[in-house]
Amino acid sequence: MVTMTLTDKDRFLINQEGQDFSHEAKTFIKIRELALKNLKSLDFPTKKLEDWKYTNLRAIPKTEYRPQTAVNIIEEKINAHKIPDLDAYVLVFINGFFVPKFSNTVEEKEGDFIVTNLNNAKRKFIKLVEPHLGFQTRAKDQFFVNLNSAFSQDGGFVYVKSKGLLDKPVHIINLVDGDLVASYPRNLIVTEKLAQAKVIVTYETIESGSALSNVINEVVVAEGANVTLDKIQNENENTYHIGADFATQKSNSVFTINTLPANAKMIRNNLNIVLDGQNSVANLFGAVCLNGDIHVDNQTYVDHAKPNCESNELYKSVVNDSASSIFNGKIYVNKIAQKTNAFQSNANILLSDNARSNSKPQLEIYADDVKCSHGCTIGQFDNEALFYLKSRGLREVTAQKVLLDAFIGEVLDKIEEESVRKYADKLIAENFSSKN
């Protein structure tokens, strides 16, 4: 008689089963089947892996997270998570599932753009989805990418045709409600040649004791297209948030992503950009302001695959209490990517003795005609500047806030939508004032 012992990973994966994806087209079922196959040979990431050296995930496989639908959600609770004064198309997802009554979609086949949920797009607009969904995420060794690929429930689909203009931003609202929720939203943004789009993705909590958010954003930026993605993470202090963002750019395109981790128990962001066309530009900006014992781990990878491309990367962190911030950024320059111009900077300020920051900027260059630079600083507020402000009558807390605004403002100013910028600034101010 053979006795089989289930591991924590086995039990965790069993808890994710039970969702019915049999209605999907064969192409999408194959993506899920391949991901499940990959998961069988993968373990949960541990601190023994270099990329997870500073991030502890031991509690996740030991917790019985499960996909769950939300019940009795009223409009007032949804409205509380909308960005004030933002004129946008809105898509609402709760626990990864689409909520049409709180959303507004645009599905005109002859129009300049389509804004709808991904499951609907898989049926109605399969020719627009099929060439792109999962194309960038075929990573056998990435556990959480495969986890989302296997169990993703739904997400936003934004498509802009050639020379089309999305007349206002799309706000994709991802909410968690309930205890021990496993949420797997997945968004696909596709822009054709010379198209333009702005998308804001927010992750927040209605009511939840504990949750796991495992998310993916896939962005396709065609020749001459211009796409901006603002990402705000503001879930409760019992939520693990693990996300991956993938973007592929063709020639003469511009892609900008603003990442703002505001609150959770733990946040891990994996950002992967491929500059796959000449004269393309990628902008990566991050503002990380942490209190309490939140742990945020930002990992970025920019692949300069073609010549004459530019990347600009600026991440700034302010860390207080016993919070911790990790930055691991890598710029890879292919041997054919001559005339590359790549800039990477990570600056960190520690406000307490228990705050921690680890930074690892990296360059891997195989071309010989490039301009590449990276830098990292970790320190405290300028004592002279702090003394000067206090001498002008400001309390120390107020003086620190003034310096914080000046320090982090350089990143927030990169957000083009004024209402989104004000919302992000408000979240940062509220988090710091509530925990001081």
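This is a predicted model: local features need pLDDT of at least 70, side-chain atom pairs count only at pLDDT 80 or more; totals for chains, interfaces and linings use all residues.
At 1% relative accessibility, Asp297 counts as buried, where buried means under 20% relative accessible area, exposed over 50% and partly exposed in between, with a 1.4 Å probe and protein chains only. Residues are numbered from 1 along each chain as its sequence is written, and side-chain values use heavy atoms, with hydrogens and water left out.

## Salt bridges

Asp297 meets Arg268 in a salt bridge, 2.8 Å from N to O; the term stands for a side-chain nitrogen of Lys or Arg within 4 Å of a carboxyl oxygen of Asp or Glu. Asp297 lies in strand E15 (residues 295-304) and Arg268 in strand E13 (residues 266-275), so the pair ties together parts that are 29 residues apart in sequence. Arg268 is buried too, at 2% relative accessibility. Salt bridges with shared partners also join Asp8, Arg11 and Lys62 into one network. Helices (H or I, at least four residues) and strands (E, at least two) are DSSP runs, numbered from the N terminus.

The structure holds 22 salt bridges, and three of them are set out here.

| Pair | Closest N and O atoms |
|---|---|
| Glu416 and Lys198 | 3.0 Å |
| Arg66 and Glu64 | 3.5 Å |

For the pair Glu416 and Lys198, the link reaches across the chain: Glu416 sits in the loop between helix H8 (396-412) and helix H9 (418-435), and Lys198 sits in strand E8, so parts 218 residues apart in sequence are tied together. Glu416 counts as exposed at 52% relative accessibility, whereas Lys198 is partly exposed, with a relative accessible area of 29%. In the pair Arg66 and Glu64, Arg66 is partly exposed at 37% relative accessibility, and Glu64 is partly exposed with a relative accessible area of 46%.

## Strand E8 and the cores

Let us stay with strand E8 (residues 196-207), which is also the place of Val199. With 0% relative accessibility, Val199 counts as buried. Its contacts (heavy atoms within 4.5 Å) include Val158, Val170, Ile172 and Ile189, as well as Thr228, Leu229 and Asp230, leaving aside residues up to four places away in sequence. Gln19, by comparison, is 180 residues from Val199 in sequence and 28 Å from it in space, C-alpha to C-alpha.

Val170 deserves a look of its own. Leaving aside residues up to four places away in sequence, Val170 touches Tyr89, Leu91, Val115, Val158, Lys198, Val199 and Ile200. A nonpolar core is a set of buried Ala, Val, Leu, Ile, Met, Phe, Trp, Tyr and Cys residues joined through side-chain atoms within 4.5 Å. The largest such core has 36 residues, and Val170 and Phe255 have the most contacts inside it. E8 gives the most to this core, with four residues. Apart from it lies another core of 26 residues, among them Leu314, Ala347, Ile415 and Ala424. In soluble globular proteins, nonpolar side chains tend to be buried together.

Which residues of helix H1 (residues 8-16) are buried? They are Lys9, Phe12, Leu13, Asn15 and Gln16. These residues cover an arc of only 155° around the axis, which puts them on the same side of H1; the arc is that of the directions from the helix axis to the C-beta atoms. Their cover includes helix H2 (26-40), helix H6 (143-151), strand E6 (181-183) and strand E9 (211-221). After H1 comes Gly18, with a positive phi near 110°.

H6 is mostly covered, with nine of its nine residues buried. Among them are Phe143, Phe144, Leu147 and Phe151, together with Asn146, Asn148 and Ser149. The cover over the buried residues of H6 includes H1, H2, strand E7 (186-191), E9 and strand E11 (239-249).

## The chain as a whole

Stepping back, the protein chain has nine helices and 20 strands. Its C-alpha trace spans about 70 × 55 × 50 Å along the principal axes. Buried residues make up 56% of its 436 residues. Of the contacts between residues at least 6 apart in sequence, 84% join residues at least 24 apart.
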